[in-house]
Structures are given as structure tokens and as C-alpha cells.
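Here is a short report on one structure. Keep the sequence and the model side by side as you read.

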Amino acid sequence: MLRRDGRLFRRGVIPALVLSLLLAAVIVAAYYSVLKSAAEGSARAKLVLVDQEDSLYSRIAIATVEAQSYIDSLLEIDSADSEEEALDLLARGECAAVIILPEGYLNDIMVGREARGRTILSEAAAASADTVASVALFGERLLAAGQYGVFAGQQLIWAHGLSKDFEEHFLIQSNTGLMNAALSLYDEAFTVQISPYDGTSLSLSAYYAVAWLVLFFTLSGLFFMNLYLTDNRPDMLTRLYALGVSPGRFFAGKWLWPSLFHSVFAAALLFFLSRFMPLSLNPGSILLFLCGLLFLSLLSASLSVMLADRGQSFGLLTFLAAAGLFLAGGLIPRSMLSRGLTAAGRFWPSGLAAAFFSPLFGGRADWPGIAAAAVLSALLYAGTLRVLAKRPIVTGGEAGS
């Protein structure tokens, strides 16, 4: 029976390959569109800077600040020639904030005089005004603490009657060291750790890749309907059973051949994905991924064979795939879904398949989900064999006619 199913499979493999390539192209485009939308919240804020001093030293200082990894990760900084130009950009929504540095601010900082710039937020960023003020206050107090040390040193110089040249040298060295310490604080005092996406064990891009891969392999199972249905007729079942073919042998090729196709196609697809994201390729993750493909192939084959006489499998599989993508947060971000929906999505067929796929993308294996998938697979397999055994078959006389 496997050989006969193999002939049916070979007959339909080229159309399935073409349709899979088309589906993959559509899903890749949709994946990047949804991923870009989901990642917009983490995009750098655009800021316009007006340097009213516009001296060589001020330009060097601003360039030094912009080059810091901490600043560069948060802000995209552009400059404007005047306050009016900057405010016009802010009014048109082309930036999130404007910072205006007054003339002479560097000299004030170097000699310990108070120097205040102005930060103007857009209406969209106004809700973050308290946060911005707190961050600015922290920086101000940090620098002030350092300046107190500079002032204490200056008092000692005056008390001991040291020369003016010595004092100027001290101020330059102290303030330069203070600025260097402030600029290097982020890199030296903080360890950057990227947390997984919304309580999962995957990064944002990896999570969406898993969700859309599950959708692809669920829908691609629909391309083998000819294999599922050609021999799944009462007259053909009668002949096959008379020849000693059991329901188990009849069903085996219906899900093993598509799983072989999925495995070969997945190898090419993962090679493509590895150019854009890191994959955790080890025997355990690869084995689990292949088990996930077997699970999805069994799901498609079982429902198609069991519902062959009703013609409902195409609509049901499409519904399961689309609903699974929604519950996983593949259409609407997980953070906008209720925890009840995401919990249901975890144990939806798509979520069970994702439990197998996650380790290959750097996540943890969801063993409760894998166990649930094993139970569902056993139920589907047993249910399919039961339906095949009980499906009405024609009598011997009718079969001969």
C-alpha cells in the first residue's frame, strides 16, 4: 500500500511543490509585514537637536554623545539650524522631541555655572514627559555630584593660593574626566540582556517565525487531497480490504509521504531562514522539529480521511490554521490578547506544533504541549482507523459490477 501511495504522491508532488512555493512567498511577505508592525514599538525615537552655541567644541561634544551605544540604541538624532525649523518639524510630526542647547552652555558647564537646555516633546510623546523629566533629573544629579568634587578641588586651590594656570588645568582635566565617566557609565555599569517576547522563551522575530511556519505546514497539507481521497471510496476500500490491506496499512502512506515532503521542503526553508536569524541546530532540536512536522502531517491526513465522505476537511483545516495563528498572536500582538486566549492557543493544534518547533529557534521545549500533541496524535490515529474500519463498504456483488 505504501508503494501505491508513493505513486499517487509522485503524481501530485510537482503541483504541491509549486503551490507550496507560492504559499511560502505569500506567508514570508505577511510575516515580515506583521513583524515590522509588532516591532514598531521598539523603534528608535527621532529627535531634533538645535545647538545654538555651534562651536567646534560643542560639535565635538554632541558627536561624542551621539556615538554612545546607549544613546544610539534609543534615539535617532538629527540637527536643525534654528529653533523655528526644529519646532516646524515637531509640528509636522517628523520627530518625537526637540532639544535646544543655549549659547555658551559648554563654557558654563566647564566653570560650574548652571546651564539649562530645553526639551520639547510632541503630543504623542507627552505621556512620557514624567519619564523624560525623571531621566533628566537623574543625569543632572549625577553630574552635579561630580561637579561638587570639582568645586571642592577648586576651593583647595584657592585656599593654598595656587596659580591661575594650575586652576584652569585642574578644571579642564576634572570636567573632561567627569564627562568621560558619564558617557561610559552605561557600557561599564549596565549589562544588556534581551528578554524573550511577552513571556515566551523566544525572541520577537523567532516567535513570529514559528507561528507562521506552523501556518505554512498546516496549510500545505491541503495540497495532498488527491493522495488522501483517491482510494478512500467504498468500492476501493472493499477491494483493498479483501486483498488483506488493513486500515492501518491503508492510512500509513497518507501521512508518511506528506511528512517526507514537508521534511525536505523544511530543510530548504530553514537554510533560507538561517541567513536572517540564528537557529539552534542540534540533534535534539532537529528531532523535535521533525516530530512537529509528523504531527501536522498526521493532523491533515487524519481529518481529510475521516471527513472524506463529507467534504469538510479543507474548511476545517483552514479554520484550525487561521484560528491558531490568531490565538498565537501572529495577527494581533500577544500583549493585546487576553491570557485566556493565549492559554487556549498554547493547546490549540497550532500551539502544540509550535511546542516542537521552538527549540530549533532558540526557545525551550514545551513538554506539556508536546505531551498533549502525543495524546492528540494517538486519538487522531485511533479515530481514523475506527472510521476506516466502520465506513460503509459495498457488497461483493456490487463491487464486481
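## The largest core

The largest nonpolar core has 71 residues. Trp212, Phe216, Phe217, Phe289, Phe357 and Phe361 touch the most other members. A nonpolar core is a set of buried Ala, Val, Leu, Ile, Met, Phe, Trp, Tyr and Cys residues joined through side-chain atoms within 4.5 Å. Buried means under 20% relative accessible area, with exposed over 50% and partly exposed in between (1.4 Å probe, protein chains only). Helix α8 (residues 204-220) gives this core its largest share, 13 residues. Helices (H or I, at least four residues) and strands (E, at least two) are DSSP runs, numbered from the N terminus.

Another core lies apart, with 9 residues, among them Val50 and Leu89.

## About the model

This is a predicted model: local features need pLDDT of at least 70, side-chain atom pairs count only at pLDDT 80 or more, and totals for chains, interfaces and linings use all residues. Residues are numbered from 1 along each chain as its sequence is written, and side-chain values use heavy atoms, leaving out hydrogens and water.

## Strand β1

In strand β1 (residues 45-51), 5 of the 7 residues are buried. Strand β2 (residues 75-79) runs parallel to β1, joined by 5 bridges. Strand β3 (residues 97-101) is also parallel to β1, with 5 bridges. Strands pair if DSSP finds at least two bridges between them.

## Asp51

Asp51 is found in β1 and stands opposite Leu101 in β3. Asp51 counts as buried because its relative accessibility is 15%. Beyond neighbours within four places in sequence, Asp51 is in contact (heavy atoms within 4.5 Å) with Ser58, Arg59, Ile62, Leu101 and Tyr105.
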